[in-house]
Structures are given as C-alpha cells and as structure tokens.
Amino acid sequence: MSEAAPSPAPVAVLGAGLLGAAMAARLGEQGHDVRLWNRSPERAAQAADGADGVRAVADLAEAVDGAAVVLTVLRDGDAVADVAVRFLPLLGGGDGPVWVQASTVGPRAAGELRAQADAAGAAFLDAPVSGSTDPARRGALTWLVAGDAAVLDRARPVLDDLGQRVQHVGGAEEASALKLVVNAWMTGATAVMADALALAERLGTDPGALREVLDGGPLGMPYALGKAAMMTSGEYPAGFPAELALKDLDLAADGGALPGALEPVRERLRAVADGGRGREDVAVLAEAPAAQE
Ligand SMILES: NC(=O)c1ccc[n+]([C@@H]2O[C@H](COP(=O)([O-])OP(=O)(O)OC[C@H]3O[C@@H](n4cnc5c(N)ncnc54)[C@H](OP(=O)(O)O)[C@@H]3O)[C@@H](O)[C@H]2O)c1
C-alpha cells in the first residue's frame, strides 16, 4: 500500500480582492491548503466558493494558525499595517510562518512593515509581483523579492506555484521600489497605446491595422496589444483597476512630480478616478480626455 503524500502546511491568504482571490484559487488548485481571509468576509466566501482547496475563514487568528506562509494581498501600506497589527502577535516569532508581503505599497511603507515584523520577531519578505489576475491564475507571475535568502527558501514552494520567476533584488525594500518602476512603465505604455489608437482614428487609419502591424514583431508588446483590444472594444473589465495604477504612480511620485511623460499620465488617471471609472481596468485611460483631444 502506498503512503499518502504529507499534506502541505496551510497557506493564509489575507485579502480576497482581484489579485488575492486569483492567487488563492491558483494555490488551492496546486494542492495547497488555503485559508482565505478578507476584511469583508462575504468577498472571501464568494472567492472560495467552488475553488478547490480554498476555505474562506472569517477569523484572522484561524487563518494564520499553523500556516507556513502568510501572504498579504491588500490595497496599500495602511491596509497591510492595520491587518498586520492584528496577526503579528499570533505568529509565534522565528519558528512561525514567513510573512510574504505581496501588496504594492512602495518602499517607504515596506520599510515600516519590515520594522513591524522585526519587532514581532516574524520572518518577512518584501515581495510584490509583476503580472495581474490572469497570470496569477496560471502561475505565471514574476516575483520581485527583497529579504533574507534563507527566508526566501522557506517561502519558495508557494512563490514557485504562483510565479514563473523569482527575482531576488536585495535585502531590504528594493523590491517595492522596483515594483513602482515596473508599474510606471506599464501604465505609461497603456497611455501611449491609447494615444496611438486616438491618432489612428484622427488620421483615418484602421486601429485594427495598427494592431496587425505590431503583432508578433519587436514592437508588439503583448501587454499593450491586450490593452489595445480592450480599448477597441470599449469594454474594460478590471484585471488591474485604474485606481490602483493611480495609487502606484502617487507612491512613485512620493509627494513630488513624476519625470517626463509620467506626470501627465498620472493626471489622466486622476481624471478617470474622479469621473467614477477607477474600478475599471487601467486601459480605460483611452476614455480619459487627453486621449481624445
Ligand atoms: N490586480 C492586479 O492586477 C494587481 C497586480 C499586481 C499587484 N497588485 C497589488 O495587489 C494589491 C491588491 O490588489 P487587488 O487588485 O486585489 O485590489 P482590490 O481588488 O482593490 O482589493 C483590495 C483588497 O484590500 C482590502 N482592503 C482595502 N483596505 C483595507 C483595510 N483598510 N483593511 C483591510 N483590508 C483592506 C480589500 O478588502 P475589502 O474587500 O474588505 O474592501 C480587498 O481585499 C494592491 O496593492 C495592488 O496594487 C494588484
């Protein structure tokens, strides 16, 4: 008789928003025992419904109890700090789980969260991701990680099931800084694609022909082509909501102005959010006034 494989230690996913729900579903599918917690419990219950291996847990203490990894996937640094105050005392110091902080919070907040973890004796990784809900569901995210290599090794089984790549970029908050740069590039590219499509329309060229020229060639960034398809259809179901893209440019600006073309992009995103379309995908930039002038 063959012995059953040992069950993996539970993973606590704290945050059942777009990204947290996708990560939980992927981990459950890969055989992890996932406890999914969310501030509003109904969202966790909805995300766990029908997802293999994912259990919605309303009690934070129950979510982290005995976990090998605690993954935070929350809106911003303030949200993570509020939740961390509640779970850190429950982790049991150095022998406890690794806290993988995957939300995009910027380097300043990441440093504060690391200090919070250190004070509680908890192992911490600054670990935002590049990629969105669809790559998360396919295990194709890129992890940007800063922290101790031995701590990273402990978290590997979870990171590897969610991502195709782990880029270890430093020992402090380097990953959170790099993540803001990656998102500035991504959001800037989205805005320029919106402008190129607006130009095509102005010049009386078929926008579909532009996509055809780019597709498969060195100029054909698959991400931007995906956004172009949304812009052409005029439908913007959120993979990455515009309001989060704005949050990340605000974090990157850190109270100042962004370099070059990025500052006007931030203003356009603010107009999108002020116009009540912040929960639509960042591709909704195509509907912002500057793209239509
Ligand atoms: N979506 C993406 O493609 C993507 C890609 C890379 C990185 N990220 C980053 O990952 C993080 C999560 O993104 P998301 O797309 O899942 O966002 P989302 O759909 O807007 O969900 C936000 C999550 O944060 C929670 N939250 C907000 N404020 C809170 C507070 N004060 N206390 C406790 N929980 C709070 C929400 O809980 P409620 O449901 O109770 O409001 C929800 O679980 C963000 O930092 C985002 O920038 C997202």
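**Exercise 1. Determine which element gives the most residues to the shell around the ligand, and describe that shell.**

Helix H1 contributes the most, with three residues, where helices are DSSP runs of H or I with at least four residues, numbered from the N terminus. The model is predicted, so that local features need pLDDT of at least 70 and side-chain atom pairs count only at pLDDT 80 or more, whereas totals for chains, interfaces and linings use all residues. Residues are numbered from 1 along each chain as its sequence is written, and side-chain values use heavy atoms, with hydrogens and water left out.

Next, the shell as a whole holds 27 residues, the closest being Asn-38, Ser-40, Arg-75, Ser-132 and Arg-279; a residue belongs to it if one of its heavy atoms lies within 4 Å of the ligand.

The protein buries 91% of the 890 Å² that the ligand exposes when taken alone, by the Shrake-Rupley method with a 1.4 Å probe.

**Exercise 2. Work out what span helix H10 should have, and what its buried residues pack against.**

At 1.5 Å a residue, the 12 residues of H10 (222-233) should span 16 Å, the expected span being 1.5 Å times one less than the number of residues. The end C-alpha atoms are 17 Å apart, which agrees.

The buried residues of H10 (under 20% relative accessible area) include Leu-225 and Met-230, and the buried residues pack against helices H8 (174-202) and H9 (207-214), with contact meaning heavy atoms within 4.5 Å.

Methods: Helices (H or I, at least four residues) and strands (E, at least two) are DSSP runs, numbered from the N terminus. Buried means under 20% relative accessible area, exposed over 50%, partly exposed in between (1.4 Å probe, protein chains only).
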